[in-house]
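Please look over the sequence and the structure shown below, and then follow the paragraphs from one part of the chain to the next.

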Amino acid sequence: LLVLTKKQDYDLATGKKKKINLSGNNIGRSSMKISRRSLMGLAIVAGLGLAVNAPAQAFEPVKPIDFIIMAGKGGGADKMARLMQTIVEKHKMASKPLIPINKPGGSGAEALVHVQNAKDQDHTIMVTLNSFYTTPMRQPGLGVDSMKFAPIARMAEDTFLLWVHKDSGLTSFDQWVDHVKSVGNEWVMGGTGKLQEDQLITDFLNANFDLK
């Protein structure tokens, strides 16, 4: 997952413009009381420190920050975002609270459009899934360009596993491929949502292993 904010100054986010000290573990040292040992804290503070006017002073929020989650409540992305929110509040890493806002519609399209059009970019950040990239590609009508957002940190990576029923008798991937080919178009793949990683992997399997 990535924590992202609108790309107002991508060079600043990547450290190309030294308006904020990005060296070592000190990212935008300010009165937010940043914990050097907390990667999550660094990600949040970096996300809040993009818009800076004075070179010697990091940005500090003046109101609650909208923390957009491009997934529904209860899922992995939602749980991670709320864990991050809890850590930030517990350790007082920001002077204003993060407000989780779930916008799962359209495989993340709702969240992407919301952040792109947010009136206050300084107080809007987003935690994303891989659909951050795939949704705009599959839905060009959204008018969303993923490259206009600034990535702050990779927080986690998912491992995708292929599961079968315990009574299927299948114990290897090769056995599974042979079985699926034998049943033709009657096989079913379960997943979490349309046009997300699950469907992309299924399409990949179909194309590369001649499945139906």
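Helices (H or I, at least four residues) and strands (E, at least two) are taken here as DSSP runs and numbered from the N terminus. The model is a predicted one, in which local features need pLDDT of at least 70 and side-chain atom pairs count only at pLDDT 80 or more, whereas totals for chains, interfaces and linings use all residues. Residues are numbered from 1 along each chain as its sequence is written, and side-chain values use heavy atoms, with hydrogens and water left out.

The neighbour of E3 to consider next is strand E2, residues 65–69, which pairs with E3 in the parallel sense over five bridges; two strands pair if DSSP finds at least two bridges between them. Within this pairing, Asp 66 stands opposite Ile 99 in E3. Between E2 and E3 the chain passes through helix H3, residues 76–90, and this β-α-β crossover is right-handed, a term which says that, with the strands pointing away from the viewer, the path from the first strand over the helix to the second runs clockwise.

E2 is also joined by four bridges to E4, and these two strands run parallel, with Val 127 in E4 as the bridge partner of Ile 69. Buried means under 20% relative accessible area, exposed means over 50%, and partly exposed lies in between (1.4 Å probe, protein chains only).

Which residues of H3 are buried? They are Ala 77, Asp 78, Met 80, Ala 81, Met 84, Gln 85 and Val 88, and seen down the axis of H3 they fall within an arc of 165°, so they line one face of the helix; the arc is that of the directions from the helix axis to the C-beta atoms. On the other side of H3, Gly 76, Lys 79 and Lys 90 are exposed. Just after H3, Lys 92 takes a positive phi of about 55°.

In the loop between helix H4 (109–116) and E4 lies Gln 121, which counts as buried because its relative accessibility is 11%. Its side chain reaches the backbone oxygen of Val 115 at 3.2 Å.

Further along, Met 189 belongs to the loop between helix H6 (173–183) and helix H7 (197–209), and it counts as partly exposed because its relative accessibility is 29%. Not counting residues up to four places away in sequence, Met 189 touches Leu 162, Trp 176, Thr 202 and Leu 205, where contact means heavy atoms within 4.5 Å. In H7 the buried residues are Glu 197, Thr 202 and Leu 205, which fall within an arc of 135° seen down the helix axis and so line one face of H7. These buried residues pack against helix H5 (131–138) and H6, and just after H7, Asp 210 takes a positive phi of about 55°.

Finally, consider the chain as a whole. The protein chain has seven helices and five strands, and its elements run β-α-α-β-α-β-α-β-α-β-α-α from the N terminus on. Of its 212 residues, 41% count as buried.

Key:
Polar contact = N/O pair within 3.5 Å; in protein donor to acceptor, adjacent residues only side chain to side chain.
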